[in-house]
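Student: Could we go through this structure together? I would like to begin with the sheet and then turn to side chains.

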Amino acid sequence: MMKFFALENSLDEKIMGKIPQIKEFIHHCNIDEEPNHIDKYIFEKIEIQPILSNIVLYANAKQTDFINTYGNVGFGFGNLISDKLKLILEDFNCYGFQFFKTYILQNNKKNDNYCQTNIYDFPYQFIDFKNTIVSLKDGITRKVVSEPSNISNLEDFQSLINSLEFPISISLSNLSFNKNMDLDFFTLRFFENGGSNGIVSEKLKNELEKNEITGIEFRPIELSLREWYDSSDREKTYGKI
(Lines give C-alpha, C1' and ligand atoms only; values in the text may rest on other atoms or scores of the structure.)
Protein backbone atom coordinates (compact mmCIF):
# COMPACT_ATOMS: atom_id res chain seq x y z
CA MET A 1 0.00 0.00 0.00
CA MET A 2 1.31 3.43 -0.97
CA LYS A 3 2.09 5.84 1.85
CA PHE A 4 1.39 9.55 1.60
CA PHE A 5 2.60 12.55 3.56
CA ALA A 6 1.28 16.08 3.96
CA LEU A 7 3.77 18.92 3.62
CA GLU A 8 3.91 20.97 6.81
CA ASN A 9 5.92 24.08 7.59
CA SER A 10 9.23 23.39 9.33
CA LEU A 11 9.29 24.56 12.95
CA ASP A 12 13.09 24.42 13.24
CA GLU A 13 14.48 27.95 13.54
CA LYS A 14 17.94 26.68 12.57
CA ILE A 15 16.43 25.82 9.18
CA MET A 16 13.98 28.71 8.94
CA GLY A 17 16.08 31.48 10.46
CA LYS A 18 12.91 33.11 11.77
CA ILE A 19 9.33 31.89 12.14
CA PRO A 20 7.30 33.26 10.47
CA GLN A 21 9.64 34.14 7.62
CA ILE A 22 7.47 36.77 5.94
CA LYS A 23 7.68 40.39 7.06
CA GLU A 24 5.50 42.02 4.42
CA PHE A 25 3.25 41.36 1.42
CA ILE A 26 3.49 43.62 -1.64
CA HIS A 27 0.50 44.01 -3.98
CA HIS A 28 0.87 45.64 -7.38
CA CYS A 29 -2.78 46.42 -7.96
CA ASN A 30 -6.11 46.88 -6.23
CA ILE A 31 -6.87 43.20 -5.81
CA ASP A 32 -10.59 43.78 -5.30
CA GLU A 33 -10.85 45.50 -8.68
CA GLU A 34 -8.26 43.60 -10.76
CA PRO A 35 -9.83 40.59 -12.54
CA ASN A 36 -6.45 39.15 -13.56
CA HIS A 37 -4.99 38.90 -10.06
CA ILE A 38 -4.25 35.29 -9.13
CA ASP A 39 -6.60 35.38 -6.12
CA LYS A 40 -9.56 35.84 -8.48
CA TYR A 41 -9.05 32.29 -9.79
CA ILE A 42 -10.65 30.10 -7.14
CA PHE A 43 -9.61 26.47 -7.69
CA GLU A 44 -9.45 27.22 -11.40
CA LYS A 45 -6.79 26.53 -14.01
CA ILE A 46 -5.31 29.82 -15.20
CA GLU A 47 -4.74 30.21 -18.93
CA ILE A 48 -3.07 33.64 -18.77
CA GLN A 49 -0.12 35.11 -16.89
CA PRO A 50 -1.88 36.34 -13.75
CA ILE A 51 -0.87 39.37 -11.73
CA LEU A 52 1.03 38.14 -8.68
CA SER A 53 1.81 39.60 -5.29
CA ASN A 54 5.25 39.33 -3.68
CA ILE A 55 6.71 38.85 -0.23
CA VAL A 56 9.47 40.47 1.79
CA LEU A 57 11.34 38.19 4.18
CA TYR A 58 12.64 39.27 7.55
CA ALA A 59 16.37 40.04 7.49
CA ASN A 60 17.22 36.96 9.55
CA ALA A 61 14.83 34.55 7.81
CA LYS A 62 16.33 31.93 5.53
CA GLN A 63 15.29 31.51 1.90
CA THR A 64 13.97 27.97 2.15
CA ASP A 65 12.78 25.82 -0.75
CA PHE A 66 9.23 25.97 0.60
CA ILE A 67 7.80 29.21 2.00
CA ASN A 68 4.38 29.00 3.60
CA THR A 69 2.28 32.09 2.85
CA TYR A 70 -0.53 30.91 5.17
CA GLY A 71 -3.31 31.82 2.72
CA ASN A 72 -2.70 35.54 3.01
CA VAL A 73 -4.11 37.96 0.43
CA GLY A 74 -2.27 37.35 -2.83
CA PHE A 75 -1.65 33.71 -1.93
CA GLY A 76 -5.12 32.36 -1.28
CA PHE A 77 -4.59 29.14 -3.24
CA GLY A 78 -0.86 28.49 -3.20
CA ASN A 79 2.53 28.96 -1.61
CA LEU A 80 6.07 29.71 -2.79
CA ILE A 81 8.56 27.07 -3.88
CA SER A 82 12.11 27.34 -5.14
CA ASP A 83 13.08 26.51 -8.71
CA LYS A 84 15.08 23.62 -7.24
CA LEU A 85 11.93 22.10 -5.72
CA LYS A 86 9.92 22.74 -8.89
CA LEU A 87 12.49 20.88 -11.02
CA ILE A 88 12.16 17.84 -8.78
CA LEU A 89 8.35 17.95 -8.94
CA GLU A 90 8.51 18.01 -12.75
CA ASP A 91 10.04 14.53 -12.71
CA PHE A 92 7.09 13.12 -10.75
CA ASN A 93 3.38 12.61 -11.35
CA CYS A 94 1.78 15.86 -10.14
CA TYR A 95 -1.92 16.71 -10.27
CA GLY A 96 -3.88 19.94 -9.96
CA PHE A 97 -0.99 22.38 -9.47
CA GLN A 98 0.28 25.19 -11.69
CA PHE A 99 3.54 27.09 -11.20
CA PHE A 100 4.10 30.77 -12.01
CA LYS A 101 7.54 32.38 -11.98
CA THR A 102 7.97 35.04 -9.33
CA TYR A 103 10.51 36.55 -6.95
CA ILE A 104 11.00 37.23 -3.26
CA LEU A 105 12.65 40.22 -1.57
CA GLN A 106 15.02 40.33 1.36
CA ASN A 107 17.33 43.09 2.54
CA ASN A 108 16.47 45.12 -0.60
CA LYS A 109 17.65 42.30 -2.87
CA LYS A 110 15.55 40.29 -5.30
CA ASN A 111 15.75 36.51 -5.72
CA ASP A 112 13.83 35.39 -8.79
CA ASN A 113 14.48 31.67 -8.33
CA TYR A 114 10.97 31.05 -7.03
CA CYS A 115 7.52 30.05 -8.26
CA GLN A 116 4.05 30.58 -6.86
CA THR A 117 1.80 27.54 -6.88
CA ASN A 118 -1.86 27.59 -7.86
CA ILE A 119 -4.20 24.76 -6.87
CA TYR A 120 -6.85 24.17 -9.51
CA ASP A 121 -8.08 20.57 -9.21
CA PHE A 122 -8.40 17.65 -6.81
CA PRO A 123 -8.04 13.95 -7.72
CA TYR A 124 -11.23 12.59 -6.18
CA GLN A 125 -11.32 9.93 -8.90
CA PHE A 126 -8.61 8.04 -6.99
CA ILE A 127 -10.53 7.86 -3.70
CA ASP A 128 -12.03 4.54 -2.64
CA PHE A 129 -15.28 6.00 -1.29
CA LYS A 130 -16.54 2.67 0.01
CA ASN A 131 -13.65 2.62 2.50
CA THR A 132 -13.41 6.37 3.18
CA ILE A 133 -15.58 8.14 5.75
CA VAL A 134 -17.60 10.99 4.26
CA SER A 135 -19.19 13.27 6.86
CA LEU A 136 -21.34 16.36 6.77
CA LYS A 137 -20.34 19.01 9.30
CA ASP A 138 -21.67 22.31 10.49
CA GLY A 139 -19.16 24.71 8.98
CA ILE A 140 -19.41 27.00 12.00
CA THR A 141 -19.29 24.57 14.95
CA ARG A 142 -17.38 21.81 13.05
CA LYS A 143 -19.69 19.24 14.64
CA VAL A 144 -20.69 16.20 12.56
CA VAL A 145 -24.28 16.49 11.34
CA SER A 146 -24.47 13.15 9.54
CA GLU A 147 -22.47 10.47 7.74
CA PRO A 148 -24.30 9.68 4.48
CA SER A 149 -24.28 5.95 3.77
CA ASN A 150 -24.97 6.22 0.05
CA ILE A 151 -21.58 7.65 -1.04
CA SER A 152 -19.93 4.76 -2.88
CA ASN A 153 -18.38 6.40 -5.94
CA LEU A 154 -17.25 9.66 -7.51
CA GLU A 155 -20.68 10.45 -8.94
CA ASP A 156 -22.30 10.15 -5.51
CA PHE A 157 -19.65 12.41 -4.04
CA GLN A 158 -20.05 15.08 -6.71
CA SER A 159 -23.82 15.02 -6.22
CA LEU A 160 -23.31 15.53 -2.51
CA ILE A 161 -21.02 18.52 -3.16
CA ASN A 162 -23.58 20.06 -5.52
CA SER A 163 -26.35 19.70 -2.91
CA LEU A 164 -24.52 21.52 -0.10
CA GLU A 165 -26.04 24.60 1.44
CA PHE A 166 -24.38 26.96 3.91
CA PRO A 167 -23.27 26.32 6.62
CA ILE A 168 -22.96 22.58 5.90
CA SER A 169 -19.59 21.33 4.63
CA ILE A 170 -18.05 17.99 3.70
CA SER A 171 -15.29 16.21 5.58
CA LEU A 172 -13.24 13.25 4.33
CA SER A 173 -11.48 11.05 6.90
CA ASN A 174 -9.94 7.56 7.10
CA LEU A 175 -8.85 8.23 3.55
CA SER A 176 -8.48 5.22 1.27
CA PHE A 177 -7.32 5.21 -2.36
CA ASN A 178 -8.26 2.83 -5.16
CA LYS A 179 -5.87 0.57 -7.04
CA ASN A 180 -5.39 3.11 -9.84
CA MET A 181 -3.79 5.70 -7.57
CA ASP A 182 -0.42 6.65 -9.05
CA LEU A 183 0.07 10.31 -8.07
CA ASP A 184 3.12 11.74 -6.33
CA PHE A 185 1.99 15.31 -5.63
CA PHE A 186 -1.56 16.59 -5.15
CA THR A 187 -3.95 17.95 -2.55
CA LEU A 188 -7.53 17.20 -1.51
CA ARG A 189 -10.17 19.74 -0.62
CA PHE A 190 -12.42 18.64 2.29
CA PHE A 191 -9.78 16.27 3.73
CA GLU A 192 -10.12 16.33 7.51
CA ASN A 193 -6.38 16.01 8.09
CA GLY A 194 -5.47 18.95 5.86
CA GLY A 195 -2.66 18.77 3.34
CA SER A 196 -3.42 22.05 1.57
CA ASN A 197 0.33 22.67 1.11
CA GLY A 198 0.50 19.47 -0.90
CA ILE A 199 0.45 15.72 -0.31
CA VAL A 200 3.39 13.64 -1.54
CA SER A 201 4.01 9.96 -2.14
CA GLU A 202 6.69 8.13 -0.20
CA LYS A 203 8.74 7.98 -3.40
CA LEU A 204 8.68 11.76 -3.79
CA LYS A 205 9.29 12.25 -0.06
CA ASN A 206 12.47 10.20 -0.32
CA GLU A 207 13.63 12.25 -3.31
CA LEU A 208 12.98 15.56 -1.51
CA GLU A 209 14.88 14.35 1.53
CA LYS A 210 17.78 13.14 -0.62
CA ASN A 211 18.00 16.60 -2.19
CA GLU A 212 17.80 18.28 1.24
CA ILE A 213 14.75 20.37 0.35
CA THR A 214 14.27 22.90 3.14
CA GLY A 215 11.29 24.44 4.90
CA ILE A 216 9.09 21.36 5.23
CA GLU A 217 8.21 18.44 7.43
CA PHE A 218 6.46 15.30 6.21
CA ARG A 219 3.36 14.38 8.23
CA PRO A 220 1.75 10.96 7.58
CA ILE A 221 -1.75 11.81 6.34
CA GLU A 222 -3.37 9.33 8.72
CA LEU A 223 -2.34 11.63 11.59
CA SER A 224 -4.07 14.91 12.36
CA LEU A 225 -1.87 17.96 12.81
CA ARG A 226 -2.31 17.79 16.60
CA GLU A 227 -1.47 14.07 16.64
CA TRP A 228 1.62 14.84 14.55
CA TYR A 229 2.84 17.58 16.85
CA ASP A 230 2.36 15.25 19.84
CA SER A 231 4.03 12.33 18.08
CA SER A 232 7.29 10.87 19.37
CA ASP A 233 8.16 9.98 15.75
CA ARG A 234 7.98 13.66 14.81
CA GLU A 235 10.17 14.63 17.74
CA LYS A 236 12.78 11.99 16.80
CA THR A 237 12.90 13.23 13.20
CA TYR A 238 12.49 16.99 13.53
CA GLY A 239 13.11 17.79 17.21
CA LYS A 240 10.95 19.31 19.91
CA ILE A 241 8.51 22.11 19.14
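Student: Which strands does helix H4 lie across, and at about what angle does it run to S12?

Tutor: Helix H4 (residues 202-210) lies across S1, S11, S12 and S13, and runs at about 95° to S12. Here helices (H or I, at least four residues) and strands (E, at least two) are DSSP runs, numbered from the N terminus. Angles run from 0 to 180 degrees between N-to-C directions, with axes fitted as lines to C-alpha atoms, for helices over the stretch in contact; contact means heavy atoms within 4.5 Å.

Student: Before we go on, what kind of model is this?

Tutor: This is a predicted model, in which local features need pLDDT of at least 70 and side-chain atom pairs count only at pLDDT 80 or more, while totals for chains, interfaces and linings use all residues. Residues are numbered from 1 along each chain as its sequence is written, and side-chain values use heavy atoms, with hydrogens and water left out.

Student: In what order do the strands of the open sheet come?

Tutor: The open sheet has four strands in the order S11-S12-S1-S13, with antiparallel pairing. Its edge strands are S11 (185-186) and S13 (216-220), each of which pairs on one side only. Two strands pair if DSSP finds at least two bridges between them.

Student: How many bridges join S1 to S12, and over how many do S1 and S13 pair?

Tutor: Strand S1 (residues 4-9) is joined to strand S12 (residues 199-201) by three bridges, and Phe-5 has Val-200 as its bridge partner in S12. S1 and S13 pair in the antiparallel sense over five bridges; there, the partner of Glu-8 in S13 is Glu-217.

Student: Which way do the residues of S13 point?

Tutor: Ile-216, Phe-218 and Pro-220 point one way, Glu-217 and Arg-219 the other, and all are buried. Buried means under 20% relative accessible area, exposed over 50%, and partly exposed in between (1.4 Å probe, protein chains only).

Student: Which residue forms a salt bridge with Arg-219?

Tutor: Arg-219 forms a salt bridge with Glu-8, and the closest N and O atoms are 2.8 Å apart. Arg-219 lies in strand S13 and Glu-8 in strand S1, so this pair ties together parts that are 211 residues apart in sequence. A salt bridge is a side-chain nitrogen of Lys or Arg within 4 Å of a carboxyl oxygen of Asp or Glu.

Student: Are those two buried or exposed?

Tutor: Arg-219 is buried, with a relative accessible area of 1%, and Glu-8 counts as buried at 10%.

Student: How many salt bridges are there by this rule?

Tutor: The count comes to nine. Among them, Arg-142 and Glu-192 meet at 3.8 Å, N to O. Arg-142 is in the loop between S8 and strand S9 (144-146) and Glu-192 in the loop between S11 and S12, 50 residues apart. Arg-142 is partly exposed at 41% relative accessibility, and so is Glu-192 at 36%.

Student: What about Asp-128: where is it, and which side chain of opposite charge is nearest?

Tutor: Asp-128 is in the loop between strand S7 (109-119) and strand S8 (133-138). Asp-128 is buried yet has no salt bridge, and the nearest side chain of opposite charge, Lys-130, is 7.0 Å away.

Student: What does Asp-128 touch, then?

Tutor: Not counting residues up to four places away in sequence, Asp-128 touches Ser-176, Phe-177 and Asn-178.

Student: Phe-177 is aromatic; how far apart are the ring centres of Phe-177 and Phe-186?

Tutor: The centres are 6.0 Å apart and the planes at 90°, so the pair is edge-to-face. Rings of Phe, Tyr and Trp (its six-membered ring) pair if their centres lie within 6.5 Å; planes under 30 degrees apart count as stacked, over 60 as edge-to-face and the rest as tilted. Phe-177 is buried at a relative accessible area of 18%, and Phe-186 is buried at 0%.

Student: How many aromatic pairs are there by this rule?

Tutor: There are 12 aromatic pairs. One of them is Phe-157 with Phe-190, edge-to-face at 6.4 Å centre to centre and 80° between the planes.

Note on methods. Lys and Arg count as positive and Asp and Glu as negative; His and the chain ends are not counted.
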